[in-house]
Amino acid sequence: MKKVVLFIFSILLVGCSSQDINDYAGTSPEFSMRSFFQDDLKAEGIVKDFNGTVIRTFTVDLQAQWDGDTLTLDEQFLFNDGEEQERTWIIQDLGDNSYTGTASDILETAYGKSVGNALNWKYSMILKVDDSHYEVEFDDWIYQISDNVVINQTEIYKWGIQVGEVVLVIRK
């Protein structure tokens, strides 16, 4: 019986563990915010609800421009239901593969760190759903796949519970 309880406890611990940015040390191709986010980019994505069901699809036109250590990233979203959204990120390269960022609908300051082929980017945001607004937390993981492609997988949380997910492919 003791072995069964220990086995179940081990499974629960593994299920609760989350990835760490340092897990990607030594992976390639190495992600570089500065070299990937340049000029015009295009993205396609999906939004999933808490059950994993795709509830929306969208495209994004991105324009990236660096001025010293500051990246201005303009995003224009077009959703499959016709809704349009815009967001402008102002991202600071802090050196040592660390970044901070702000945007009008982002609460406080976003923080990101890249190691190997991955970047983890965390922030709180006001998310508009129909006529309501919700404060949620985003846990973005961006993976460099090639010189021209990154995949962004984002888990969305409310009160510590995952309520949705976004998967986005960004291309140069």
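**Notebook: hairpins and pockets**

I began with β5 and β6, which form a hairpin with three residues between them. Strands here are DSSP runs (E, at least two residues), numbered from the N terminus. This is a predicted model, where local features need pLDDT of at least 70, side-chain atom pairs count only at pLDDT 80 or more, and totals for chains, interfaces and linings use all residues. Residues are numbered from 1 along each chain as its sequence is written, and side-chain values use heavy atoms, with hydrogens and water left out.

I checked the pairing next (at least two DSSP bridges between two strands). β5 (residues 98–102) and β6 (residues 106–115) run antiparallel over four bridges, and I found Ser-98 bridged to Lys-113 in β6.

Then I followed β6 into β7: another hairpin, with two residues between the strands, and Gly-116 in the turn has a positive phi of about 60 degrees. These two strands are antiparallel over seven bridges, with Ile-106 opposite Met-125 in β7.

Which pocket is the largest, I wondered, and what is its volume? I got about 1100 Å³. A pocket is an open set of points on a 1 Å grid over the protein atoms alone, where a 1.4 Å probe fits, with protein on both sides within 12 Å along at least five of seven lines; lining residues have an atom within 4 Å of a point. The volume is the space filled by probe spheres set on the points, which are joined across faces, edges and corners. Of its 45 lining residues, Met-125, Leu-127, Phe-138, Ile-156 and Val-166 are the closest to the centre. β7 gives the largest share of the lining, eight residues.
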